[in-house]
Amino acid sequence: MQTPQLKSNDTATAQVESLNHEGQGVARVNGKAVFIRGALPGEEVVFRYFNKRKNYDTGGVLEILRPSPDRIADPKCRYFGTCGGCSLQHLKAEGQIQAKQQTLLDNLERIGRVTPANILPPVTGPTWNYRRKARLGVRVVAKKGGVLVGFRESRSSYITNLETCDTLDARIAALLPALHLLISRLSCPERIPQIEVAAGERDAALVFRHLQALTAEDLGLLTAFGGEHALQIYLQPAGPESVHALWPATPAPLSYSLPDYNLELVFAPTDFIQINDHVNQRMIAQALALLDPQPHERVLDLFCGLGNFSLPLARRAGSVLGIEGNALLLEKARYNAQHNAITNAEFQFADLYAIQDTQALPWPRQKFDKWLLDPPRTGAMEVIRSLPPAGAPSRIVYISCYPATLARDSEVLVHAHGYELHSAGVMDMFPHTSHVESIALFVKHDGAP
């Protein structure tokens with residue numbers, strides 16, 4: 001593992017206790033917390049300080065005096081330690097899961113003052129070549145050889161120049177050298193800041209952000225690249241609304257299937273989808289098993305996106321109402337319902353972070369038996385505050401991509417609304433990173449307030 005440029009020559013020895021939310025080892029030196037990059041729980045290490053702050057310090061490993069039995073001495077990726085795309089390749093998969101589960105439980109106890117009655121088995125999948133969505137940075141740095149394409153370096157805004165990537169969809173990872181060459185041949189490589197990657201089951205797409213107009217020769221090079229590698233090529237000259245297809249002129253929609261529910265969902269290259277296909281399928285199965293929708297029940301799916309949960313739910317429940325605050329995703333959800341001949345799912349627009357009048361919302365006026373929440377990192381506090389005092393759902397399944405906001409919202413669900421945190425567990429949506437995706441089931445028992 002390469003050590004970044006350090007800001008201090010101070011060194012110390014520490015016993016590492018745990019991992020923080022960024023995958024750094026947590027230790028205490030003279031009573032003060034130190035976050036040590038490259039250290040694992042249970043290890044004794046010599047580290048060098050990066051920064052000393054009022055409440056905590058940061059540092060990086062210089063020497064491992066007592067290694068963890070879960071340490072991988074030779075991580076698979078040759079860029080690990082420089083590239084910021086992964087932070088845990090030096091930790092065995094089982095250790096990664098254990099660390100993420102502990103992060104979840106610590107947040108629930110410390111922030112939410114709650115403990116799940118049951119710990120769910122982790123939801124896992126393949127740990128390599130799983131990323132079907134990514135954003136690659138592009139820079140031109142003459143002293144590093146010209147065009148750089150890759151993820152940001154750890155603790156830096158610089159770009160790691162990748163010739164391959166073990167977590168990207170294999171179709172895209174294999175093309176990284178060709179992408180370097182393509183961009184270097186364009187008239188304005190220094191004006192291409194990023195490339196968005198989106199991979200469906202059959203087709204894959206690249207979206208090139210460009211800050212100045214491309215020449216006819218540029219367009220020809222990009223078109224030829226798409227044709228040679230069977231890739232859809234999109235251009236983005238301004239904001240997200242400016243994205244348009246270059247090649248083919250009318251590309252086939254990207255899609256992924258959910259075979260357990262006989263569904264195919266289509267999406268645009270810039271649409272939000274779950275990054276890991278295998279874990280997504282197992283996550284949906286876990287969510288439906290916990291929610292247990294019945295043929296006579298009405299289910300509310302909040303933050304429904306393009307229908308990733310709504311449409312599988314519609315195969316089991318009597319009816320589903322999906323609520324989404326992104327108009328483009330909402331239209332995609334409606335299209336996906338029609339595309340799959342689903343007639344018992346409806347979709348409505350609502351900004352779930354700007355709830356002014358709860359009586360204008362569907363759920364205070366209509367009874368829903370069960371809810372599913374899948375909010376972004378900021379959580380679902382506004383929605384939870386709008387829970388109706390009467391006719392509240394008997395079950396709520398909460399999908400979370402940030403354990404701190406799940407814990408914050410859990411406190412309100414349990415201590416203010418009378419739910420039991422029946423079960424919770426982690427889902428390894430992003431192997432080799434410190435990102436914690438989790439799922440929780442809240443149950444309201446008969447007679448609870």
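**View 1. What the buried face of α10 packs against.** The buried residues of α10 sit against α1 (93-110), α9 (381-385), β19 (395-400), β20 (420-427) and β21. Keep in mind that this is a predicted model. Among the buried ones are Pro403, Leu406, Asp409, Val412 and Leu413.

**View 2. Leu441 in strand β21.** Zooming in on β21 (residues 437-443), we find Leu441. Setting aside neighbours within four places in sequence, Leu441 is in contact with Leu290, with Arg395, Ile396 and Val397, and with Glu420, Leu421, His422 and Ser423. Lys370 is 71 residues from Leu441 along the chain, and their C-alpha atoms are 11 Å apart.

**View 3. Cysteines without a disulfide.** Searching the whole structure turns up zero disulfides. Take Cys83: the closest cysteine sulfur belongs to Cys77 and is 6.5 Å away, so the gap is too far for a bond. For a pair to count, the sulfurs would have to be within 2.5 Å. Cys165 is in no disulfide either, and its nearest cysteine sulfur, again that of Cys77, is 6.5 Å off. As for accessibility, Cys83 counts as buried at 9% relative accessibility, and Cys165 is also buried, at 9%.

Definitions and conventions:
Residues are numbered from 1 along each chain as its sequence is written. This is a predicted model: local features need pLDDT of at least 70, side-chain atom pairs count only at pLDDT 80 or more; totals for chains, interfaces and linings use all residues. Side-chain values use heavy atoms; hydrogens and water are left out. Buried means under 20% relative accessible area, exposed over 50%, partly exposed in between (1.4 Å probe, protein chains only). Helices (H or I, at least four residues) and strands (E, at least two) are DSSP runs, numbered from the N terminus. Contact means heavy atoms within 4.5 Å.
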